[in-house]
Amino acid sequence: MFQQVLGMRNQVARAMYRTGMLDGLLRVRAALHLPVLTVLTYHHVQDPEDGSMFDPGVADATPEQFRRQMELVARYGTPVTLSEVIGFVRDGHPPPPNPVLVTFDDGYRSCLDVAVPILRRVGVPATFFIATNFVERRRLFWWERISVLLARARRGHVDVLSLNAPRITVEVSHPEAMTVLTRLIKDVPGIQIDELLMQLSTAAGAPWSEQEERAMADELILTWDGVRALAAAGMDVGSHTRSHRVLQTVPTEELDAELAGSRADLERELGTPCRAIAYPVGHSIRNRAAIYAAVREAGYDLGFTNASGVNLILPTGWRLRGLDPLDLGRLATGRDFSDAMFLGQLALPSLAYPARHSLA
């Protein structure tokens, strides 16, 4: 059903693209100065590699796709920085025509090696949200480790049991194996991620070592020098927590370490204030009082979800109750996007992917 919906939306976008309707809508919106802030979400820019053990689903665009998409952003929108967004959303400054904020989650090396040269060439700033423990400790992101373990598994079925999680049996070759395991981590309160990963390694017959993991992390994940290079290239850097735990699964007493801790890590390494956070997996925190209070206490000015949609920015006296600086929506991207579909969700957010929570 999900794929059918996407297919229908893509057909509509293609038809509107061919007739020039998308071009016209975006130009009218800019001329009318409609107060709509669009925030785009990326993770990893990479050509699919046959035989790679790393998770292919995290790459949102090939380098060529990403270049074309950024050219569309520059042509039809006004690319904005994080500081400018803080001015619109928090301080009531008037936004420019069609403001677009480009964001990246996690901290993949491709952000610096592939995305930044394209961004600078096209003239689009971006904000990179970093999960600091993986940079600091040279560990693989937990979803990448699952992907590698499944690829190396010597057994067709594995049983996995972790604290606070039910015992599950996974058919390693099944296309849903990755989804089943990551869903545990995303959904189970108090789950012990390291324990689950060690269980998976043992059950799959796939030995794991810290030395090997470090080598893989060096291949895939930014170092602190790389994060500093993002800032030196004129990009903004924000928090994606320390260990990329879904906040709704984190005990209240551990939220400060994830939220304030990651902010302190970034400020220590960059020497500049860390003012924004993107929530791992991207659930809204609006109705989660303990999480909301912890984010505010940690000192963030902005918080980004992965709830699909744009943000309506009205003058301070006219603010709608729905606009919340700590619960801003974003639009997903994907390698299956045509240029028409990408432009379509810029012009008509209702054409965007249905609200969904990303892995990363």
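**Leu-328 and beyond**

Leu-328 touches Val-89, Leu-302, Gly-303, Phe-304, Thr-305, Asn-311 and Leu-323, with residues up to four places away in sequence left out. Contact here means heavy atoms within 4.5 Å. The model is predicted: local features need pLDDT of at least 70, side-chain atom pairs need 80 or more, and totals for chains, interfaces and linings use all residues. Numbering runs from 1 along each chain as its sequence is written, and side-chain values use heavy atoms, without hydrogens or water.

Leu-328 sits in strand β13, residues 328-330. Helices (H or I, at least four residues) and strands (E, at least two) are DSSP runs, numbered from the N terminus. Why does Leu-328 count as buried? Its relative accessible area is 0%, and buried means under 20%, exposed over 50%, partly exposed in between (1.4 Å probe, protein chains only). Val-310 is 18 residues away along the chain, and its C-alpha lies 8.1 Å from that of Leu-328.

Next, the cores. A nonpolar core is a set of buried Ala, Val, Leu, Ile, Met, Phe, Trp, Tyr and Cys residues joined through side-chain atoms within 4.5 Å. The largest one holds 93 residues, and Phe-66 and Phe-128 touch the most other members. Leu-328 belongs to a second, separate core of 17 residues, which also includes Leu-37, Val-89 and Leu-101. Phe-66 contacts Tyr-42, Val-45, Ala-61, Phe-104, Ala-115, Ile-118 and Leu-119, leaving aside neighbours within four places in sequence.

Now a buried loop residue. Thr-241 lies in the loop between β9 (236-239) and α12 (255-270). Thr-241 counts as buried because its relative accessible area is 0%. Its side chain reaches the backbone nitrogen of His-244 at 3.1 Å. Beyond four places in sequence, Thr-241 touches Ile-130, Ala-131, Thr-132, Leu-247, Glu-258, Leu-259, Ser-262, Ile-277 and Pro-280.

Most residues other than glycine have a negative phi. Val-281 has a positive phi near 70°. Val-281 sits between β10 (276-278) and α13 (289-297), buried at 1%. Arg-138 also has a positive phi, near 55°. Arg-138 lies in the loop between α6 and α7, and at 7% relative accessibility Arg-138 is buried.

α6 (132-137), α7 and α9 each give at least two residues to the lining of the second largest pocket. A pocket is an open set of points on a 1 Å grid over the protein atoms alone, where a 1.4 Å probe fits, with protein on both sides within 12 Å along at least five of seven lines; lining residues have an atom within 4 Å of a point. Its lining has 18 residues, with Arg-137, Ile-193, Asp-194, Ser-243 and Arg-245 nearest the centre. They split into 7 nonpolar, 4 polar and 7 charged. Nonpolar covers Ala, Val, Leu, Ile, Met, Phe, Trp, Tyr, Cys and Pro; charged covers Asp, Glu, Lys and Arg; the others, Gly among them, are polar.

Helix α8 (residues 177-187) has these buried residues: Ala-177, Met-178, Leu-181, Thr-182, Leu-184, Ile-185 and Lys-186. Their cover includes α7 (142-152), β7 (157-160), β8 (168-171) and α9 (193-204).

Last, Met-53. Met-53 is in the loop between β2 (44-45) and β3 (59-61). Its relative accessibility is 30%, so Met-53 counts as partly exposed. Beyond four places in sequence, its contacts are Ser-147, Val-148, Ala-151 and Arg-152.

Conventions: A polar contact is a pair of N or O atoms within 3.5 Å; within protein, one must be able to donate a hydrogen and the other to accept it, and residues adjacent in sequence count only if both atoms are side-chain atoms.
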